[in-house]
Every structure is written in structure tokens, then in C-alpha cells.
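Thanks for coming, everyone. Please look at the chain on the screen while I walk through a few places in it.

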Amino acid sequence: MRIVVLAGGIGGARFLRGLKAAAPEADITVIGNTGDDIHLFGLKVCPDLDTVMYTLGGGINEEQGWGRTDESFRVKDELAAYGVGPEWFGLGDRDFATHIVRTQMLGAGFPLSAVTEALCARWKPGVRLLPMSDDRIETHVAVTVDGERKAIHFQEYWVKLRASVEAHAIVPVGADQAKPAPGVLEAIAEADVILFPPSNPVVSVGTILAVPGIREAIAEAGVPVVGLSPLVGGAPVRGMADKVLAAVGVEATAAAVAQHYGSGLLDGWLVDTVDAGSVDEVESAGIRCRAVPLMMTDLDATAAMAREALALAEEVRA
């Protein structure tokens, strides 16, 4: 079975770990979000790609879900001592090494997709990890701070401000001019199943879909497309997805997110059992829906979620 998964960071990475356990023989291609990418300290940082790579490769900080395990922050402290910021974005010493290698390779002329493949040669994540595009795309957020309306990088909004101010708009800068990375459209065309994990529907999966050609390829693939709700009981399981959903005019409910993706894209949708009352609403929008436990409390629970998604895909196919 060939499975394509559109993934953001923590939620996508943890789901993928369960998917690998649920379908150990599957050929899995992950199309990773690069809209969160940022340049810091002269280095190219790809938070979502690295979170997938570290999680599946056994190097992730399990407690926080991002960054390296057994991490130290001496370089960050030394940079701060020199007055070099930003101090709000914490890169650890082990993590710095990944960004140095990536930046050197990019500077030597390698595209991001080739760099990602080279980095994965060390981590052996057990999936094919592709950036959504080799082109530079950065998600910006329109906010009002101290009476001034301005656009800031998504990382500043998410990490520094903790989404504490209203987001007026979400803009994946550069996406409209970007092209899918090599292998992305081919993987979609050859897939047997396409999955949207419980990643942020606006700034993770939504940003991937903003790259011209990707949404169209999924809609035309002719295979089941199944998503899992990132919202349980009207609230995000982790993170602040409700903040960015509001910015695009989508209610923070499992049913509203399914309708946001639309029946032209989604064939199936899983909601948590606490949202079982929304099943009929989703199905009335032309999307087959089932209510199952969606809390990724451990590997077994996550693998069970993945099996439910694959079972719904087979139901749709039949």
C-alpha cells in the first residue's frame, strides 16, 4: 500500500509514528509543511520537517514534542551574551548542527528536497520525507500590536506571542509562486490512500495545499482522502489552532474543519467520540464520517487511530 500523508509538526509526526506501527509494510511518503521555516542566526530552520525526522528517527524530545532529546543550550546562551537574538526562539546545541548542515548544503546549491533526503540518511525515519516545495515560503500573520497593524512571521506569532493577539489574516508568502518539490505530485498520483493527520488545518495542511498543483492533484487522484480532526470537543488537542481558524473565518469545531477542507477534497473524516453528534453534519456535507477515539495518548492509541483512518479509506473505496 502506498500512503501519502500531509504533515505539519508535532501532531503530524506523532500520527506518523502510529501509522508506521499500524501499517508496517506500507510505503509512506510524507509531504511536509515548510511554511513555518525561518532564518535565524544566519541558518535555515525547518521546524516541521525536523520534527517529523527527529520523531520517526528516535531523536525527538518526547516531553515537548520538538527539538532534540538530551539537549543543551550553550550556543544560545553565548549568542544572548553577545546581544544576538532572538532569544524567544530556543535552538539547542544538537539542533544547531542540523541547521548548519542544511544551510551549508543550500549554500552549495542543493535544493531543500535533496538536503532533506541527505539529513534523513542519518535519521532513517522509515518514510520518504519531502518538503512541499523547494521554493521559499514563509507563513506570515497580520496582527495589531500596540495599536499598530503589521505582518509578522508565524513563528513570532506562535512562539513569542503565543497567539495571544487576534490574527487578522494568515498569508503563506511565496506560496502562490512556488512549485511542488520533485516527487510530490508523482507520489500523490501513485498513492493508494491520502491522509490528513490531526495537524493544523490552516498553517500546516492548509499551507501545503496552498502550493499550486497540490490541492488539484489530490482532488484528481481518484483515491480515498481521509482526514482526522485536530479538534476535540471544540478545542485543539495541542497548540492554538482555534486562533488561526478564526482568522480564516472557520468555527473551531470538528465539523467546521471538515467543511473547510470540503467534499471536493475529503472523502472521509474522523472525529473524536465526544464529537459524535457532529457526524450527521459532516455527512450532510458529502463527507463520510465516523466517531472514534482521537487522543494520541500512546503508540497503541495512535496506531488504532491510523487503522481507523485506513479502514474508513477502504469503506470509501468500496
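Start at Lys124, in the loop between helix H5 (112–123) and strand E5 (128–131). Helices here are DSSP runs of H or I with at least four residues, strands are E runs of at least two, and both are numbered from the N terminus. Lys124 is not a glycine, yet its phi is positive, near 50°. With 62% relative accessibility, Lys124 is exposed. Exposed means over 50% relative accessible area, buried under 20%, partly exposed in between, with a 1.4 Å probe and protein chains only.

A word on the source. This is a predicted model: local features need pLDDT of at least 70, and side-chain atom pairs count only at pLDDT 80 or more, while totals for chains, interfaces and linings use all residues. Residues are numbered from 1 along each chain as its sequence is written, and side-chain values use heavy atoms, without hydrogens and water.

Next, Arg162. It sits in the loop between helix H6 (154–160) and strand E8 (167–173). Arg162 is exposed, at 52%.

Now the strands. E1 (residues 2–7) has 5 of its 6 residues buried. E1 runs parallel to E2, joined by 6 bridges. Strands pair when DSSP finds at least two bridges between them.

Last, is Thr29 buried or exposed? Thr29, in strand E2 (residues 27–32), is buried, at 8%.
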